[in-house]
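Student: Could you take me through this model feature by feature, giving the general idea before the particular case?
Tutor: Gladly; let us look at the structure together.

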Amino acid sequence: MTYRLYYSEPSAAMGVRAILEEIGTPYELVWTDISSPTWRDPALLAANPNGWIPVLAWENSSIYECGAITVLLCDRHPEAALAPAASDPDRGLFLQWLFYFSSSIQVAYQMSYHTERFCAATKDEDSVRQRSARRLEEVWQVVDDAIGENSWLLGERFSAIDIYLYMLTTWLSPKYGHPVIDRFANVQRVATSAATRPAVRSVFQPD
Ligand SMILES: N[C@@H](CCC(=O)N[C@@H](CS)C(=O)NCC(=O)O)C(=O)O
């Protein structure tokens, strides 16, 4: 069985690809053009009517949403030890950060990068853009405080959400008025450690 990942660079699909690399399972990339604000490949729209990547397909199934794909891959490949099992005391925290990343942090980035989707009138876009930059400060501060002196989000145990965290830090952009990562020393430490893992490096900093 080979997974198929609807993919583009840079994009949210890169975190899923790094997880597939960590697992070491066969996968194919379906290179997908998301550059146009209006046009999407019908094959992508059939798999995800939102027109977003990532989409993960396998056998006769496919799903979208980074968070859902992360849980699915971790659960289908427990041998990779990328997530606490359902009965593990750390499972709750794993899910908490995964949902926080996709529902709070990713949305704050969307407010910055796709401001028009959050405004009824063009005149409001600057206000939303500025607020989203401040919102990113707020949400990253929450993560930074929670990490404290830990090595990873789950303490001393690496998991798939550390890859997700790293990917999200790569989206911080001074051009959009976002805070610099140095403001969040604990987040930066986890991101730097995640980035040095061979699987992650092979996706985000290929030779
Ligand atoms: N909630 C979705 C968001 C995915 C997302 O925003 N993907 C971006 C790439 S980074 C995309 O496809 N953007 C195209 C668009 O927004 O039209 C997820 O977590 O998978």
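Student: What percentage of the 207 residues of the protein chain count as buried?
Tutor: A residue is called buried if 20 or more other C-beta atoms lie within 10 Å of its own, exposed if 12 or fewer do, and partly exposed in between, with C-beta atoms placed from the backbone. By that count, 32% of the 207 residues of the protein chain are buried. Bear in mind that this is a predicted model, in which local features need pLDDT of at least 70 and side-chain atom pairs count only at pLDDT 80 or more, while totals for chains, interfaces and linings use all residues. Residues are numbered from 1 along each chain as its sequence is written.

Student: How is strand E1 placed, and with which strand does E1 run parallel?
Tutor: Strands pair if DSSP finds at least two bridges between them. E1 (residues 3–7) is largely enclosed by the rest of the structure, because four of its five residues are buried. Five bridges join E1 to the parallel strand E2 (residues 27–31), and within this pairing tyrosine 7 lies opposite tryptophan 31 of E2. Between E1 and E2 the chain passes through helix H1 (residues 13–23), making a right-handed β-α-β crossover; right-handed here says that, with the strands pointing away from the viewer, the path from the first strand over the helix to the second runs clockwise.

Student: In which sense do E1 and strand E3 pair?
Tutor: E1 and E3 (residues 55–58) are antiparallel, with three bridges between them, and tyrosine 6 has valine 55 of E3 as its bridge partner.

Student: How many residues surround the ligand, and which are the closest?
Tutor: A residue is near a molecule if its C-beta atom, placed from the backbone, lies within 6 Å of it. The ligand is surrounded by 13 residues, the closest being Ser11, Ala12, Ile34, Trp52 and Cys66. Domain 1 (3–82) and domain 2 (91–197) each contribute at least three residues to this shell, the domain bounds coming from an automatic or database domain assignment.

How values were computed. Helix = DSSP H or I, 4+ residues; strand = E, 2+ residues; numbered from the N terminus.
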